[in-house]
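Here's a quick briefing to read alongside the model. Have the structure open and follow along.

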Amino acid sequence: MLGRIANNIQRLSIRRNTTNSLFFRRSSPYLAYSYATKTGLTIDETLPLKTTENKNVTAKDFFSGKKVVLVGLPGAFTPVCTADHIPGYVRKFDEFKQKGVDSIACVTVNDPFVTKAWAQHLGAAGKIDFIPDWDGKLTKALDQTIDLSKNGLGHRTMRFAAVVDNGKVTKVFTENDPQELKISAADSVIKQL
């Protein structure tokens, strides 16, 4: 199985478009996705979202009038997300603030209850805002959907980070593989601010 995954990784093709966003395409029995969040994309303020308290809000509540580092990942309590990805942002929280970031938000396709339990487990209260994208609407709007059905996870959020300034995506850092943590890691993103 690892050999097949390695072969699928080798088939990854990358091309740049005129907006400097990367387009990645992969199709395999194990991972299949297509994502291309473009810089310049404006997140619809009326997009309905939920909080970890299961309250209805809109994208405006998270992004309007703020500079936000939005971190996307495949799922709560998954190994890389829990051990490295979000803990890196918790550790670097003060440095992000010094760079002019108003908030750090994490989007994951999970229900509000699981997302809340995960946030508590990580000790991220007061540092990271969690967006439980229970129906995948925000993930789809950002074109960051990944199909992990063959891995038992269904449609999820690709591992990425983006800088969102007053609802407009200004920078995007999407990993080549959801199990990788390189360009979307806190240490890498903070260097780009």
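Phenylalanine 130 touches Thr52, Phe62, Ile86, Cys106, Thr115, Trp118, Ala119, Leu122 and Ala124, leaving out residues up to four places away in sequence; contact here means heavy atoms within 4.5 Å. Keep in mind that this is a predicted model, where local features need pLDDT of at least 70, side-chain atom pairs count only at pLDDT 80 or more, and totals for chains, interfaces and linings use all residues. Residues are numbered from 1 along each chain as its sequence is written, and side-chain values use heavy atoms, with hydrogens and water left out.

**The cores**

- Phe130 also turns up in the largest nonpolar core, which has 25 residues: along with Ile86, Tyr89, Phe96, Ile104, Trp118 and Ile128, Phe130 touches the most other members.
- A nonpolar core is a set of buried Ala, Val, Leu, Ile, Met, Phe, Trp, Tyr and Cys residues joined through side-chain atoms within 4.5 Å. Buried means under 20% relative accessible area, exposed over 50%, and partly exposed in between, using a 1.4 Å probe and protein chains only.
- Which elements give two or more residues to this core? They are strands E6 (67-72), E7 (103-108), E8 (128-132) and E11 (160-165), plus helices H3 (79-91), H4 (93-98), H5 (112-122) and H7 (186-191).
- H3 supplies the largest share of this core, with 4 residues.
- Another core, of 18 residues, lies apart from this one, and its members include Ile43, Ala59, Leu70 and Ala105.

**Whole chain**

- The protein chain has 7 helices and 12 strands. These are DSSP runs numbered from the N terminus, with helices being H or I of at least four residues and strands being E of at least two.
- Of the 193 residues in the protein chain, 47% are buried.
- Among contacts in the chain with a separation of 6 or more, 59% join residues 24 or more positions apart.

**How H3 meets H5**

- Two packed helices are described by the angle between their axes and the distance between the axes.
- The axes of H3 and H5 come within 11 Å and cross at roughly 70°. That makes H3 roughly perpendicular to H5.
- Angles under 35 degrees count as roughly parallel, over 145 as roughly antiparallel, 65 to 115 as roughly perpendicular and the rest as oblique.
- H3 passes H5 in a right-handed crossing. The crossing is called right-handed if the near helix is turned clockwise from the far one by less than a right angle, and left-handed if anticlockwise.
- On the H3 side, Cys81, Thr82, Ile86 and Pro87 meet Trp118, His121 and Leu122 of H5. The residues of this contact split into 5 nonpolar, 2 polar and no charged.

**Buried spots worth a click**

- Valine 90 lies in H3 and counts as buried because its relative accessibility is 15%. Beyond its neighbours within four places in sequence, valine 90 is in contact with Ala124, Lys127 and Ile128.
- Valine 90 and alanine 125 are 35 residues apart in sequence, with 9.3 Å between their C-alpha atoms.
- Valine 68 is in strand E6 and is buried, at a relative accessible area of 0%. Setting aside neighbours within four places in sequence, valine 68 is in contact with Phe62, Phe63, Ser103, Ala105, Ala162, Val163 and Val164.
- Glycine 75, in the loop between E6 and H3, is buried with a relative accessible area of 0%. Leaving out residues up to four places away in sequence, glycine 75 touches Cys81, Thr108, Asn110, Trp118 and Arg156.

**Loops and positive phi**

- Most residues other than glycine have a negative phi.
- Asparagine 54 has a positive phi, near 65°. Asparagine 54 sits in the loop between strand E4 (48-50) and strand E5 (56-58) and is partly exposed at 32% relative accessible area.
- Aspartate 143 has a positive phi too, near 55°. The loop between helix H6 (137-141) and strand E9 (145-148) holds aspartate 143, which is partly exposed at 33% relative accessible area.

How values were computed
Axes fitted to C-alpha atoms, helices over the stretch in contact; angles between N-to-C directions. Nonpolar A, V, L, I, M, F, W, Y, C, P; charged D, E, K, R; others polar.
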